[in-house]
Amino acid sequence: MRHIAIIGSGPAGYYTAEAAQKQWGDDVRVDVFDMLPVPYGLIRTGVAPDHQSIKGVSKRYEATALSDNVRFVGNVMIGKDVSVAELQQLYDAVVIATGAPHDRKMDLPGEDLGNVFGSAAFVGWYNGHPMFANLDPDLSGDTAVVIGMGNVALDVTRILSKSRAEFAGSDIVAHALDILDTSKLKRIVVLGRRGPHQIMMTPKELGELSHLTRAAPRVDPVDLPEEGEDALLEPGLRKSVTHLRSFAAIPESHYADYPIEIEFDFFASPRALIGSAGKVEAVEVERTKVEAGRAVGTGEVYTIPASMVVCCIGYRSSPIPDVPFDERAGRFANDEGRILPGLYCVGWARRGPSGTIGTNRPDGFSVVEKIAEDMAAGALGHGGKQGRPGFDALAERRGLDVVTFRDWKKIEAQEEARAREGAPREKFVDVADMIEARKG
Ligand code: NAP
């Protein structure tokens with residue numbers, strides 16, 4: 001029997017569990033740990049609440065979680081409640097699948113001003129992550145600046161633009177919906193340090209900006225390269241640029257019908273956040289040009305008034321004590337998923353925050369292949385690890401309050417029962433409430 005511990009119950013974690021099942025069938029026992037009492041990581045707290053079809057992939061993870069040889073071990077924080085070294089004594093292989101939950105810092109003056117948020121915090125807030133439920137953004141000003149031109153910047157821009165009615169069928173949490181309802185925003189500036197040909201936004205997501213009821217996108221035609229140059233782009237990016245061209249062709253009269261403008265500001269690199277009385281009031285920006293794919297400052301500096309700022313410039317993994325970490329890259333130090341003998345990483349914890357949810361599936365299968373190779377080579381010892389019973393004894397000695405998958409199903413049932421009309425669920429946003437809800 002092989003015993004595998006996976007730290008993190010998001011996409012990378014469950015695809016790895018699925019791969020282990022496929023690889024070893026009944027000869028494996030997999031424990032999937034999560035610091036929260038609820039599973040699915042990024043699917044629950046990262047994917048936008050109005051993208052329910054993407055969230056539907058959790059049904060696939062549930063099928064894996066419900067099989068006899070996979071077990072969910074919630075409410076246990078590895079690195080605090082139990083160390084990685086302790087897990088390694090109990091399991092043949094330990095796989096870190098903790099994603100990249102922290103914001104990359106911009107290292108700019110003023111980054112700590114009030115009403116400036118990283119996207120991990122802001123997305124966590126509207127998705128009900130317990131760590132960010134109390135963020136309390138102030139939407140009473142008229143201009144939000146969203147820094148970055150990736151899909152997270154698009155998610156944040158769209159969520160800030162939508163009316164209450166447009167959240168029908170979503171699982172946006174009540175506290176976010178109530179604050180968004182008070183929004184006085186008139187302008188959302190999406191800031192990119194490079195140009196239209198360097199955006200990281202995918203076409204389907206960018207196209208959604210054309211269908212908002214109270215916001216319209218604006219692109220200045222002078223920012224667009226010659227149309228013929230689009231032919232050199234890879235097809236996805238070419239489609240995204242086609243959307244930008246259609247935004248640039250929107251007639252001026254159209255904007256009168258929309259209370260919010262979403263303005264794309266290209267070739268604009270943030271230099272500082274400026275504020276008074278501890279609160280942001282403007283973003284100082286340097287005009288750039290793109291040379292050999294890189295943004296180069298031109299020396300021209302201007303300011304954009306900003307009553308709030310959300311920085312969507314990427315994420316970092318969270319280090320775990322005694323596990324080698326690549327500080328510069330913001331992920332675990334690894335060679336194709338191998339960190340140390342018997343210790344692996346997968347998904348964003350391995351490769352950084354890129355790709356789609358589905359990219360984690362081949363990643364999961366690949367790390368299981370490495371484990372299988374290392375086992376066959378005798379690099380992981382000769383079995384005899386205690387696995388589950390050993391962990392259960394440790395949890396009992398330490399007084400840990402483990403939340404099982406069955407407990408989660410009770411929490412889920414309560415979240416579904418308290419959903420507002422038409423919504424799939426109303427999430428609990430406090431760990432104590434989640435624990436209480438498992439009583440059924
Ligand atoms: P991303 O795609 O890497 O985009 C980050 C953006 O931030 C880029 O435009 C980047 O510009 C900019 N940036 C980085 N450092 C900056 C700085 N110091 N100053 C100004 N701008 C800076 O990252 P993401 O948007 O966080 O998304 C993470 C991953 O999740 C991506 O793979 C994304 O596709 C995926 N995702 C997918 C969906 C979906 O499919 N619906 C939704 C959300 C996220 P440069 O290019 O110039 O560096």
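These questions and answers go through the pockets, the cavity and a surface patch of a predicted model.

Colleague: How many cavities of 30 Å³ or more does a search of the whole structure find?
Modeller: A cavity is a space where a 1.4 Å probe fits but cannot get out. With the cut-off set at 30 Å³, the search of the whole structure gives a count of one.

Colleague: How much space lies in the largest cavity?
Modeller: The lining of the largest cavity includes K162, F167 and R214. The space within this cavity is about 40 Å³.

Colleague: How many residues of the lining of the largest cavity are charged?
Modeller: K162, S163, R164, F167, L177, L180, D181 and R214 make up the lining. Three of the lining residues are nonpolar and one is polar. Lys, Arg and Asp count as charged, and the number of charged residues here is four.

Colleague: Which residues lie nearest the centre of the second largest pocket?
Modeller: This pocket has a volume of about 220 Å³. Its lining takes at least two residues from each of α2 (41–45), α3 (52–55), α4 (58–65) and α14 (405–417). By class, the lining holds three nonpolar, three polar and nine charged residues. Of the 15 lining residues, those nearest the centre are Y40, K55, S58, E412 and R425.

Colleague: Which residues form a nonpolar patch on the surface with M131?
Modeller: M131 sits in the loop between α6 (119–126) and β7 (143–147). The patch has about 270 Å² of accessible area in total. The residues that form it with M131 are M35 and M77.

Conventions. Residues numbered from 1 in each chain as written. Predicted model: local features only at pLDDT ≥ 70, side-chain atom pairs only at ≥ 80, totals over all residues. Heavy atoms only, no water. Patch = residues over 30% accessible without salt bridge, like charges linked within 9 Å, V, L, I, M, F, W, Y side chains within 5 Å. Areas by Shrake-Rupley, 256 points an atom, 1.4 Å probe, with all protein chains shown as cover. Salt bridge = Lys/Arg side-chain N within 4 Å of Asp/Glu carboxyl O. Helix = DSSP H or I, 4+ residues; strand = E, 2+ residues; numbered from the N terminus. 1 Å grid on protein atoms, 1.4 Å probe; cavity = no way out; pocket = protein on both sides within 12 Å on 5 of 7 lines; lining within 4 Å. Points joined across faces, edges and corners; volume = space filled by probe spheres on them.
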